[in-house]
Amino acid sequence: MWGRVIEIMTAVWLAASPFVFGVQADPGLLWADLGVALLICVLSAFSYWHPTRHAHLLILLVSLGLIVWGRFAVVPPTPPHQNHIVVGVFLLMMALIPNEASLPPRVWRERPAGEQVP
């Protein structure tokens with residue numbers, strides 16, 4: 001589940017980035033970043049619950065939206081929009097990591113204790 005933790009940390013960065021880049025006076029950009037960050041946190045958190053364990057895959061759509069928005073909102077992209085592109089690309093990579101990435105393969109976990117490998 002370390003991938004989900006990194007997604008939540010990235011969402012915190014996205015929520016803080018309007019203040020880092022000094023664009024908090026632009027309410028559209030501020031609330032958009034806060035809304036997208038909240039959506040990323042919610043989708044990552046839902047992945048911890050077994051019935052919605054694949055919710056993190058919806059972050060792929062969110063990250064594609066961030067990339068497109070960052071690229072085409074302002075031409076040429078300003079630093080806050082360049083940040084959206086970088087965060088979007090990073091989230092594309094993180095969203096592909098399975099929840100059980102740090103566990104041994106499922107076949108190894110399902111083998112009864114004491115069974116010998118042929």
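Me: Is Arg-4 buried or exposed in this predicted model?
Reply: The model is predicted. Buried means under 20% relative accessible area. Arg-4 has a relative accessible area of 0%, so Arg-4 is buried.

Me: Which side chain meets that of Arg-4 in a salt bridge?
Reply: Side chains of opposite charge can pair when their charged atoms come close. The cut-off is a side-chain nitrogen of Lys or Arg within 4 Å of a carboxyl oxygen of Asp or Glu. Here the N to O distance is 3.1 Å. The structure holds one salt bridge, and the partner of Arg-4 in a salt bridge is Glu-7.

Me: Where do Glu-7 and Arg-4 lie, and how many residues apart?
Reply: An α-helix has 3.6 residues a turn, so residues three or four places apart point the same way. Glu-7 and Arg-4 are about one turn of the helix apart. Both lie in helix H1 (residues 2-20), and their separation is three residues.

Me: Is Glu-7 buried or exposed?
Reply: The cut-off for buried is under 20% relative accessible area. Glu-7 has a value of 0%, so Glu-7 is buried.

Me: Which residues form the aromatic pair, and what is the angle between the planes?
Reply: The structure holds one aromatic pair. Its members are Trp-13 and Phe-21, 6.3 Å centre to centre. Planes over 60 degrees apart count as edge-to-face. This pair is edge-to-face, with an angle of 70°.

Me: How far apart are the end C-alpha atoms of H3?
Reply: H3 has 14 residues. At 1.5 Å a residue, H3 should span 20 Å. The model agrees: the end C-alpha atoms are 20 Å apart.

Me: What arc do the buried residues of H3 cover around the axis?
Reply: Ile-59, Val-62, Ser-63, Leu-66, Ile-67 and Gly-70 are buried in H3. They lie on the same side of H3, because their arc is only 140°.

Me: Which exposed residues does the opposite face of H3 carry?
Reply: This face is turned away from the buried side of H3. Its exposed residues are Leu-61 and Phe-72.

Conventions. Residues are numbered from 1 along each chain as its sequence is written. This is a predicted model: local features need pLDDT of at least 70, side-chain atom pairs count only at pLDDT 80 or more; totals for chains, interfaces and linings use all residues. Side-chain values use heavy atoms; hydrogens and water are left out. Helices (H or I, at least four residues) and strands (E, at least two) are DSSP runs, numbered from the N terminus. Buried means under 20% relative accessible area, exposed over 50%, partly exposed in between (1.4 Å probe, protein chains only). Rings of Phe, Tyr and Trp (its six-membered ring) pair if their centres lie within 6.5 Å; planes under 30 degrees apart count as stacked, over 60 as edge-to-face and the rest as tilted. The expected span of a helix is 1.5 Å times one less than its number of residues. The arc is that of the directions from the helix axis to the C-beta atoms.
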